[in-house]
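Open the model in your viewer and keep the selection tool at hand.

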Amino acid sequence: MSKIPGTKSRSRSVSVTSHADTPFPSSSGGRKMAPTHVLRCCQRGLAWIPVIFIALVVCWSYYAYVVELCIFTIPSIGEKIIYLIFFHLFFIMFVWSYWKTIFTKPANPSKEFCLPKAEKERYEKEERPESQQEILWRAATSLPLYTRTGAGAIRYCDRCQVIKPDRCHHCSACDMCVLKMDHHCPWVNNCVGFSNYKFFILFLAYSLVYCLFIAATVLQYFIKFWTNELPDTQAKFHVLFLFFVAAMFCISILSLFSYHLWLVGKNRSTIEAFRAPVFRTGSDKNGFSLGFRKNIVQVFGDQKKYWLVPLFTSQGDGLTFPTRLVSADSEQAAVTLHPAPNKSAADIPVSPLSDSQNRLLSNDQHANNFEDHLANNTLKSAESETITISMESES
C-alpha cells in the first residue's frame, strides 16, 4: 500500500552525474566554508573540459576540411566551391545551435512557487512530516499542479525551498530546480530543459548532418590516399583521420538523436521515460502526450519556418503543461491519494488550465469535468479515497 501524503516530501535531485543533493556548507566556522567554496570552483572549472574538447575537435575539423582537403587536395575548382558552400552552411548552423544550448540559462520556478515567508518559517520549525505537508497543501491551493510524488505528496525541493511545478526537477550538478528538466549534459556543461531543449535537438541534428557531409565528401579521397593513388603529403594524415572521426561521431550522435526524436514524439523527457510522472489518479507515462503533431508543436512551436532555426519558439511558460485525461486502469497499480489529516476537500485544489494550455488544446479538445470525492476527513484503515481531477483530453 502506498504511503499517505503525510510523509515529508524530500527534494528529488536528478542529473546525469548524481542523484543526491550537495549539502549546504557548514556555517559553524570559516575553515569548512573555504574548502567547500574552492572545491565548488574546481568542479565548475573541470566541467568545461568536455566542451573545450568538442571545441578543439571542431576547430581541427574546420582546418582539415577547408585547408588540407579543399585547398591542397581537391583539384577541381567547381568541386571546391560547392563543398565549401555547403560545409560552411552546416558549420554555421551547428556552431549556432551548440552555442545556444550551452549558454541558454535553464529556466527556474517563478516566485509564486516559493513559500511565503511566514509559511516557510513554520515549515522549517515544524518537525512532524504531517504538519509540513499541511503547510505545503495550503500553499499549493492556488498553484496549477497536477503531479505528485510517488507517495501522493506535494513535490517540494528542500534545497531550493520551492514547490516544484509539473515536470520540474532539481539538478545537483547545476544546484537548481530546472523547468521540464530532461537531463544534465556534460558535453554542453548545462542542464537541458524547457528553455533550451529545442536548441539541443537542433544541435544533435546539425552535428549529425555536419559529420555525414564530411564523411561523404571525404570518402573518395580517403580511398585514394589509402590505396596510394595520391602522393603522401601532410594532407594524407588529416584526410584519413578526418574520415574516421566524422564516422565515429556520426554513429554515436545518430543513436542519441533518434532517441530524442522518439521522446519529442511522445512528449516525454528523459527523466519521464525512466520514471513515469504520478498524477492524482496514479502514474501515467503518457500523461503529457497530446498526439504526435501537437507534441512536436510544443517543442518547436506552431510556425514551421522557425523549426530549423536556433531561436526559442517552444510553446508554454514551462510552469504548466496541457495534459490528457489520466484514466484509471483496474489492472495497473495506481497510487491512491489521501487528503492530509484534518484537511477538507476544499483545501485540495483543482487548478485551472493556463492560457498556453487552452491555446494548445482549444481546436480539438474539450474539457472534461469531474467532481472531487472525499468520503471522510479522517483516515480509516479499511477505506481509501481516490481524487479525480479535471484535465484536458483529446476528443
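A helix axis here is a line fitted to C-alpha atoms over the stretch in contact, and angles run from 0 to 180 degrees between N-to-C directions. Helices (H or I, at least four residues) and strands (E, at least two) are DSSP runs, numbered from the N terminus. The model is predicted: local features need pLDDT of at least 70, side-chain atom pairs count only at pLDDT 80 or more, and totals for chains, interfaces and linings use all residues. Residues are numbered from 1 along each chain as its sequence is written, and side-chain values use heavy atoms, with hydrogens and water left out.

Select residues 49-71, helix α2, and residues 77-103, helix α3. Now show the side chains in contact (heavy atoms within 4.5 Å). Among them are Val51, Tyr62 and Ile71 in α2, and Lys80, Phe87 and Ile102 in α3. The contact has 15 nonpolar, two polar and one charged residues (Ala, Val, Leu, Ile, Met, Phe, Trp, Tyr, Cys and Pro are nonpolar, Asp, Glu, Lys and Arg charged, the others, Gly among them, polar).

Next, select residues 199-223 and 235-259, which an unreviewed UniProt entry annotates, among other spans, as "transmembrane region"; such annotations may be inferred rather than shown by experiment. Residues 199-223 are 100% helix, with end C-alpha atoms 36 Å apart. Residues 235-259 are also 100% helix, and their ends lie 36 Å apart.

Last, select Arg155, His169, Ala276, Pro277 and Val278. Of the 14 residues lining the largest cavity, these lie nearest its centre (on a 1 Å grid over the protein atoms alone, a cavity is a set of points where a 1.4 Å probe fits but cannot get out; lining residues have an atom within 4 Å of a point). The lining has four nonpolar, four polar and six charged residues.

Notes:
On a 1 Å grid over the protein atoms alone, a cavity is a set of points where a 1.4 Å probe fits but cannot get out, and a pocket is an open set with protein on both sides within 12 Å along at least five of seven lines; lining residues have an atom within 4 Å of a point.
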